[in-house]
Amino acid sequence: MNVTATLINLYHVCKRELWLHANNIRFEHTSDLVYEGKMLHETSYPQRSERYEELEIGGCKIDFYDAKNKVIHEIKKSDKIEEAHEWQVKYYIYVLEKNGVEGVTGILEYPSMRQKTSVCLTEEDRRMLMDVEQDIMRIIEKEECPLVIKSRICKKCSYYEFCYVDEV
Ligand code: SF4
């Protein structure tokens, strides 16, 4: 299995979710959040298709890539800027670099907050991502699923009922 931007994101959210997702245990079709996320992409920027391309590269699917200016636009429905989102975009930049596309930057967009954050990749980030890739492989190849994290984010997770079946 290859590391993908989704796995990089999940690594920063919850190692158990990372393991479940990587081992093809999925409940996303029942998740309102995923549905809302899709709707957000479709409704927030209806003009986008003319300006940006969808790009699939090295296991990553980048929804909005401005090839002319080498800028990745990643849209999030969250009402909070999250570290995991930043790492996802950094990973896109990292993968593009590995495929010979230099000088790419990213913009994280939060339409609900009308806020944007610039993302770039530093030398330290590159080293960190190499370590994270190895750690992800180590986690997902384990026989056992990591323990629940008992965090406030669990209630919004598509695995909530699965993880807390004895409690809900
Ligand atoms: S419900 Fe919580 S512990 Fe379970 S996968 Fe989701 S975030 Fe992780």
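A residue is taken to be near a molecule or strand if one of its heavy atoms lies within 4 Å of it.

1. Basis of the note. This is a predicted model, in which local features need pLDDT of at least 70, side-chain atom pairs count only at pLDDT 80 or more, and totals for chains, interfaces and linings use all residues. Residues are numbered from 1 along each chain as its sequence is written, and side-chain values use heavy atoms, with hydrogens and water left out.

2. Ligand shell. Cys 14, Arg 16, Glu 17, Val 148, Ile 149, Cys 154, Cys 157, Tyr 159, Tyr 160, Cys 163 and Tyr 164 surround the ligand. Nine residues of this shell are nonpolar, two are charged and none is polar; Ala, Val, Leu, Ile, Met, Phe, Trp, Tyr, Cys and Pro count as nonpolar, Asp, Glu, Lys and Arg as charged, and the others, Gly among them, as polar. At least two shell residues come from each of H2 and helix H7 (160-163). Helices (H or I, at least four residues) and strands (E, at least two) are DSSP runs, numbered from the N terminus.

3. Cys 14. This shell residue sits in the loop between H1 and H2. Cys 14 counts as buried because its relative accessibility is 9%, where buried means under 20% relative accessible area, exposed over 50%, and partly exposed in between (1.4 Å probe, protein chains only).

4. Strand S1 (residues 53-57) runs antiparallel to S2, joined by four bridges; two strands pair if DSSP finds at least two bridges between them. Glu 53 has Tyr 65 of S2 as its bridge partner. The S1-S2 hairpin has two residues between the strands, and Gly 58 in the turn has a positive phi of about 50°. Three bridges join S2 to strand S3 (residues 71-75), again antiparallel, with His 73 of S3 as the bridge partner of Phe 64. Four residues separate S2 and S3 in their hairpin, where Lys 70 has a positive phi near 55°. Five of the seven residues of S2 (residues 60-66) are buried, so this strand is largely enclosed by the rest of the structure.

5. Helix H6. The 18 residues of H6 (residues 123-140) should span 26 Å at 1.5 Å a residue, which agrees with the 26 Å between its end C-alpha atoms; the expected span is 1.5 Å times one less than the number of residues. Its buried residues, including Leu 129, Val 132 and Ile 136, pack against helix H1 (5-13), helix H2 (15-22) and helix H5 (83-98), contact meaning heavy atoms within 4.5 Å.
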